[in-house]
Amino acid sequence: MAKTTKSARKTVEPITRDYTVHMHKYIHKIQFKRRAPRAIREIRKFASKAMLTKDVRIDTTLNRYIWSNGIRNLPRRIRVRMTRKRNEEEDAKEKMYTLVQHIPVESFKGLQTEVVKDE
């Protein structure tokens with residue numbers, strides 16, 4: 001028996017979520033001098049997959065946090081806030097983009113993905 005599939009896709013709405021990204025598993029076995037740039041690319045890939053947008057923008061505070069220990073020694077985990085927003089530019093290719101920001105936390109114990117309510 002064949003399944004019937006819906007042709008209409010679910011629309012993507014603006015939303016904000018908090019994630020914990022386990023950087024250590026993405027950077028394992030990566031050459032030292034390529035670790036921090038690779039971490040930025042992996043965060044972009046994670047955000048693109050989680051928020052279903054191709055346009056991912058990394059906040060400068062997150063970039064500074066990743067590079068804070070140098071190119072080799074990255075933080076093992078990073079708590080980030082991913083916000084899917086509407087693109088206001090007229091000549092934009094994508095309708096939505098994702099902004100990824102750093103959230104400083106004391107401990108990662110017991111943290112889960114949370115949907116943040118709009119202020």
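Modeller: Let's open with a definition: a residue is buried under 20% relative accessible area, exposed over 50% and partly exposed in between, using a 1.4 Å probe and protein chains only. The model here is predicted, so local features need pLDDT of at least 70 and side-chain atom pairs count only at pLDDT 80 or more, while totals for chains, interfaces and linings use all residues. Residues are numbered from 1 along each chain as its sequence is written, and side-chain values use heavy atoms, with hydrogens and water left out.

Biologist: Is Tyr-19 buried or exposed, then?

Modeller: Tyr-19 counts as buried because its relative accessibility is 10%. You will find Tyr-19 in strand β1; strands are DSSP runs of E, at least two residues long, numbered from the N terminus.

Biologist: Which residues is Tyr-19 in contact with, beyond its neighbours within four places in sequence?

Modeller: Contact means heavy atoms within 4.5 Å. By that rule, Tyr-19 touches Phe-46, Ala-50, Met-51, Ile-78, Arg-79, Val-80, Met-82 and Thr-113. Lys-93 lies 74 residues from Tyr-19 along the chain, with 26 Å between their C-alpha atoms.

Conventions:
Helix = DSSP H or I, 4+ residues; strand = E, 2+ residues; numbered from the N terminus.
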